[in-house]
Amino acid sequence: MSALLEARALVKEYPKVRAVDGVSFEVPAGICFGLLGPNGAGKSTTIELLEGVAKPSGGEVLFRGESIAGGKSRYREKIGIQFQSTALQDFLTVRENLRLFQALYPKKRPLDELIAVCRLEEFLDRDSHKLSGGQRQRVLLAIALVNDPELVFLDEPTTGLDPQARRNFWELVRSIKAEGKTLVLTTHYMEEAYALCDDIGIMDHGRLIARGSPQRLLAEHFDDSVLELPAADALRAGSELPFVLRGDWAELSTRDIAGALAILQKAGTPLDHLRIRPRTLEDLFLELTGKELRA
Amino acid sequence: MNPIHILALTWARSLEFLRDRGTMAWNFALPLLMVAGFAVIFSGPGKPLFTVAVLAPETVPLSADTHPFLGTPSVSFYRESSLETAQAKVQRHRIDLAVDLVHMQYWVNPESHNGAVLEQLLHGVAGEPLRRQEVQGARIRYVDWAAPGVLGMNLMFSCLFGTGYVIVRYRKSGYLKRLNATPLTAAEFIVAQLLSRLVLVLLVTVAVYLGCNAFLHFRLDGSPWALLLVAVVGSYAMIALGLMVAARVTSEEFAGGLLNLLSWPMMVLSGVFFSIDGAPAFVQWLAQWLPLTPMLEAARAIMLDGAHLLDPSVLQPLLKLSAMALLFTLLGALGFKWTQD
């Protein structure tokens with residue numbers, strides 16, 4: 001697959017901080033690429049550079065092999081963006097907002113199609129400031145698609161949504177991906193990245209510190225499983241196993257589950273609430289950045 | 001510039017304005033109430049403060065030593081060099097009386113309540129008596145003089161806050177950032193904001209003028225089209241000033257402060273409710289740099305004097321207003337920023 005989008009040695013400097021410090025990666029056409037990182041890692045700045053709404057201090061962004069700096073207007077016609085927090089114009093209905101944004105592009109996706117894809121039928125004639133969080137995100141996604149873009153940026157699209165609305169949104173993203181569009185997604189939810197992304201990049205301190213498919217990254221970094229016990233049970237047992245406290249729970253990473261269970265049983269540890277799980281992106285994230293994702 | 005982009009954005013902004021019923025009602029109600037209020041208040045006995053022009057050589061001090069009348073309390077005396085100007089001001093209620101200390105005569109408007117009161121005061125003081133003269137010409141009521149001021153003031157507030165404040169709100173809420181991610185250019189956005197506010201504010205102003213005129217019967221000696229042109233250029237200048245203020249401000253509170261800083265001096269110094277003929281020279285100089293001043297000068301010249309577009313009393317302020325409008329547009333466009341960063 002050829003690269004649709006390429007970040008080449010991107011740098012973004014502010015007076016007192018280097019938010020993006022030499023980031024390079026390629027996004028092949030047709031995939032969903034996830035950019036993850038703790039707050040302040042530089043992922044939002046990186047995505048703004050990729051979108052062309054911020055100007056890099058160094059490096060460049062290439063779209064289909066051409067620098068976007070030369071033809072910003074042409075680039076904007078080919079991409080769609082759903083920003084993290086965007087207000088819509090007050091006192092305009094969803095339909096009017098869609099028509100307004102449609103008028104700004106030479107290529108327009110038919111309104112009926114947009115409405116169907118993003119499931120807007122129920123609230124099409126409602127004032128945009130009277131929408132629920134989930135409805136609002138669907139409208140913003142529809143606006144990102146008004147020009148039938150090749151590349152769609154989704155910047156934390158499900159932050160603040162309830163689990164049901166989030167899962168509904170994932171379905172929309174999957175259907176858009178199925179149309180062959182390329183997606184660049186940032187998210188705070190590892191579950192979301194795992195569910196939607198073919199490929200992820202993890203950022204910290206303005207640098208890209210890991211890159212690959214979620215499965216490959218997990219296989220590269222872990223060959224163990226996690227055994228979880230309520231902290232009180234794990235500590236009471238007095239076993240010598242190296243449990244790590246995570247809130248009310250204690251976690252043990254091990255390649256030998258059977259051996260660990262034998263030690264716990266021997267020590268008389270209550271195992272009524274025992275949980276065993278495979279490694280997740282959350283673990284990978286913690287291992288690489290040393291930070292809780294939502295910190 | 002793509003006209004479809006401008007049209008789409010102008011339409012969207014206009015819908016937003018028209019559907020915001022609270023703001024819309026206020027835009028109509030405020031000038032109506034003010035004009036009606038002034039009509040009632042100033043139809044009765046005169047204003048508490050009197051202004052008198054004094055025609056006297058520069059060497060003669062404007063004090064009670066020169067003439068006891070100049071020591072009258074609650075009266076503002078100022079020096080005027082031209083008898084013709086002083087007469088015109090008396091006629092238009094801009095001042096209440098003109099006193100000529102060289103030829104020992106005074107000029108009064110028989111329609112002016114203030115003039116009548118001042119006449120009584122003048123007759124009551126000692127000193128050399130002055131001969132009474134009446135200014136000639138058609139009757140001008142205070143409400144005729146105040147109406148352009150009130151309409152102009154409403155137009156000023158609507159333009160300044162309706163563009164400046166709204167753009168800062170758009171920027172703060174991320175709406176501008178969203179628009180910036182489309183092929184829309186800054187120039188297209190600015191033109192759309194200008195057009196939308198210009199059309200709406202003119203419609204509101206014309207409606208309010210016609211509404212008030214139905215029961216107050218304003219004096220309009222000149223061409224209504226010339227008056228409309230003054231309103232168009234004046235509105236454009238005010239909108240451009242609002243755009244300039246909002247070009248890169250990100251806080252609504254700060255924008256509000258800046259807009260108040262601009263609008264209140266115009267309210268006081270540009271001659272909305274009363275003339276500043278008696279004010280110190282530097283205040284009058286300052287007033288000339290405020291866009292509302294030339295706008296009201298031109299409007300009053302058309303309405304009260306029947307001046308034509310090419311008369312210096314209309315052309316000069318109109319040119320000044322146009323220059324201000326272009327300067328504000330240029331500065332606003334050059335400094336415009338889409339995002340908060």
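1. Chain A, contacts. In chain A, 70% of the contacts between residues at least 6 apart in sequence join residues at least 24 apart. The model is a predicted one, and the values below should be read accordingly. Of the 295 residues of chain A, 39% count as buried.

2. Chain A, overall form. The secondary structure of chain A consists of 11 helices and 14 strands. Its C-alpha trace extends over about 70 × 45 × 40 Å along the principal axes. The domain assignment divides chain A into domain 1 (3–214) and domain 2 (223–278). Between the C-alpha centres of domain 1 and domain 2 of chain A the distance is 41 Å.

3. Contact between chains A and B. Chain A contributes 20 residues to the contact and chain B contributes 18 residues. On the side of chain A that touches chain B, α2 (72–78) and α3 (94–103) of chain A each supply at least two residues. The largest share of that side, 4 residues, is from α3(A). By class, this side of chain A comprises 11 nonpolar, 4 polar and 5 charged residues.

4. In soluble globular proteins, nonpolar side chains tend to be buried together. Here the largest nonpolar core has 147 residues, and those touching the most other members are A:A142, B:V230, B:A237 and B:I302. Helix α5 (residues 142–173) of chain B gives the most to this core, namely 17 residues. A second, separate core has 19 residues, among them B:F69, B:L70, B:A86 and B:Y106.

5. Surroundings of B:V230. Residues up to four places away in sequence being left out, B:V230 touches B:M295, B:A298, B:A299, B:I302 and B:L318. Of these, B:I302 is also listed among the core residues that touch the most other members, and B:L318 is one of the buried residues of α12(B).

6. Helix α12 of chain B. Does the length of this helix agree or disagree with its residue count? Helix α12 (residues 312–335) of chain B has 24 residues, so at 1.5 Å a residue it should span 34 Å; the C-alpha atoms at its ends are 34 Å apart, in agreement. Its buried residues are B:V314, B:P317, B:L318, B:K320, B:L321, B:M324, B:A325, B:F328, B:T329 and B:G332. An α-helix has 3.6 residues a turn, so residues three or four places apart point the same way. The cover over the buried residues of α12(B) includes α7 (186–216), α8 (224–246) and α11 (292–305) of chain B.

7. Residue B:E80. This residue lies in the loop between β2 (75–79) and α3 (83–91) of chain B. Why is B:E80 classed as buried? It has 22 other C-beta atoms within 10 Å, and a residue is buried if that number is 20 or more. Apart from its neighbours within four places in sequence, B:E80 is in contact with B:A53, B:V54, B:L55, B:T85, B:A86 and B:A98. From B:E80 to B:A56, 24 residues apart in sequence, the C-alpha to C-alpha distance is 7.7 Å.

8. Residue B:F17. Helix α1 (residues 3–19) of chain B contains B:F17. B:F17 counts as buried because 21 C-beta neighbours lie inside 10 Å. Residues up to four places away in sequence not being counted, B:F17 touches B:M24 and B:L200. Along the chain B:F17 and B:L331 are 314 residues apart, and their C-alpha atoms are separated by 25 Å.

Terms used: Residues numbered from 1 in each chain as written. Chains lettered and ligands numbered in written order. Predicted model: local features only at pLDDT ≥ 70, side-chain atom pairs only at ≥ 80, totals over all residues. Expected span 1.5 Å × (residues − 1). Buried ≥ 20, exposed ≤ 12 C-beta atoms within 10 Å, placed from the backbone. Contact = placed C-beta atoms within 7 Å. Nonpolar A, V, L, I, M, F, W, Y, C, P; charged D, E, K, R; others polar. Domains from an automatic or database assignment. Core = buried A, V, L, I, M, F, W, Y, C linked by C-beta atoms within 7 Å.
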